[in-house]
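Keep the structure open as you read.

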Amino acid sequence: MKPRILLIFLFLSNISIAQEKKEVTAPQPIAQVFESKQSVTIDGKTINLNAKAGTMELRDENNKPIALFGFTAYFKENPEKNRPIIFSYNGGPGSSSYWLHMGIMGPKRIVVDDPNYNQAAPYEVVNNEFSILDVADVVMMDPVGTGLSVPIGEATGKDFWGVDQDIRSVSLFIMQFLKAHNRLNSPKYILGESYGTFRNAGVMSYLLNKGYALNGVINVSSVFDLRTLFFAPNEDISYIAYLPTMAATSWYHNKVSNKGSDLPAFVQQVREFTENEYAPALFKGNRITDNEKAAVAEKLQNFTGISSEIWKRANLKINAGEYFQELLRSTGETVGRLDSRYKGINIDPMSMDAFTDPQSDAISPAYTMAFLDYFHGSLGVSKDLLYATSAYSKEGFKWDWKHQGNSFWGADAAVTTLPDMADALSKDPNVKVLMMNGYYDLATVFYAVEHSVSHLDLPKSATDRIIMTYYEAGHMMYTDLPSAKLFREDLKKFIEDTLRK
């Protein structure tokens, strides 16, 4: 080999070796935890807390590191023996837990002008008198891609971004956290909101099958069968599931004649109409007679305030987006999806679908800024770390909706975790489930939850362990202070009841 060629060869080889060496020795991010002292005053009593915020190294079934899993945990100082512990998260999928954290579960809450739009900063963070921290320790969890949670080692986002992948990683965190903090023998609860309830059904089954029996499962603004949300072609179930919440919303905005003063009584009338007249009418499809359609449309007008002519033109089926636009179209306003008490400007009154969600617009800046200030301030988390409020902007984020047990004859018939819930309820005769529903939640509607529970293939002895509660608010019912107070009371009673032998 000529000297010049040899020199070039050696130079290129050295570059290659240096690159390989760099790849091998590139440092992996490491788990970090930031500790602080916090307190909360509930019913006149102050509870002192040890707070830990940061990440825990998560390992797979072969003990290989796969993620740094973000969390914020609040532990009572000098706790009583066998103090309960609650693992809590939001949904999305792809949302961090800061909504629940600063809305109802943590020692502080963000003050919002419910149900109105909030002014810009400064935002007020106050003692959370509605927290459950007097009864149980709380661990706020941020699934991978949210909060501080990131894949490490050979793992990538797709190993966590899917129904089954998410159930697995969340369950692994709970199991490993309990061991790391000597809480394996503590009473255990999981609390999820929105998609977090869909996750809950899978996690309760996964944990039980690993030997981790839960004392209770709390579902806030639930969905377990996605068919109830999608308004799919040739599918009636979403229209049936949504009608009672649409009617409740019309009742709130004074679009219902002879509304009376009692919302639950009005909702019960709508339930009966839905089951006995509306659902059978939709089932007939184009076989319904003109007289039958007119009679049903007239009653739909009475319950929703939307004219019978519009209902007839829509073949008795108005989807959620159309309803948001139609209810207050005459005043140039649209109603909220997450909380239909909220209303905002309708930027295109001719449109048949809503462009924005007034409730989300009204509270998101307050929650985001106030939480980040609290997270990096009071909790002392390094400002060098980026807290992702959601995973939606993460490279490659795409949710895998396949779920084990949902496939029939090689096709996905539905996306549901109801079989997971049924599995856990059938195997554990002691576990109880709390369903917390907002009457004005047009994102995950309460009648869909009732439908799901009533279609569980379980005996009454099992379904009797499912407790339903209702609030005159929306998806995040705790933004309404009377509902936040009732939320705490219902949750406290549920925990106390599950601990009774």
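Helices are DSSP runs of H or I with at least four residues, strands are runs of E with at least two, and both are numbered from the N terminus. The model is predicted: local features need pLDDT of at least 70, side-chain atom pairs count only at pLDDT 80 or more, and totals for chains, interfaces and linings use all residues. Residues are numbered from 1 along each chain as its sequence is written, and side-chain values use heavy atoms, with hydrogens and water left out.

Start with the pocket. On a 1 Å grid over the protein atoms alone, a pocket is an open set of points where a 1.4 Å probe fits, with protein on both sides within 12 Å along at least five of seven lines; lining residues have an atom within 4 Å of a point. Its volume is the space filled by probe spheres set on the points, which are joined across faces, edges and corners. The largest pocket holds about 670 Å³. Its lining counts 29 residues, and nearest its centre lie Gly 92, Ser 194, Arg 337, Leu 338 and His 475. Which helix gives the most to this lining? It is α10, with four residues. Both α2 (98–105) and α10 (358–376) supply at least two. By class, 15 lining residues are nonpolar (Ala, Val, Leu, Ile, Met, Phe, Trp, Tyr, Cys and Pro), two are charged (Asp, Glu, Lys and Arg) and 12 are polar (the others, Gly among them).

Now the backbone. Most residues other than glycine have a negative phi, and most peptide bonds are trans. Gly 92, one of the residues nearest the pocket centre, is joined to Pro 93 by a cis bond with omega about -5°. Pro 93 sits in the loop between β4 (85–89) and α2. Another cis bond joins Ala 121 and Pro 122, with omega about 10°. Pro 122 is in the loop between β5 (108–110) and β6 (125–127).

Asn 82 has a positive phi, near 60°, and lies in the loop between β3 (65–76) and β4. Asn 182 also has a positive phi, about 55°; its loop runs between α3 (163–180) and β9 (188–193). Are these residues buried or exposed? Asn 82 is partly exposed at 42% relative accessible area, while Asn 182 is exposed at 71%. Buried means under 20%, exposed over 50%, and partly exposed in between, with a 1.4 Å probe and protein chains only.

Finish at Phe 355, in the loop between β12 (343–345) and α10. Phe 355 is exposed, at 52%.
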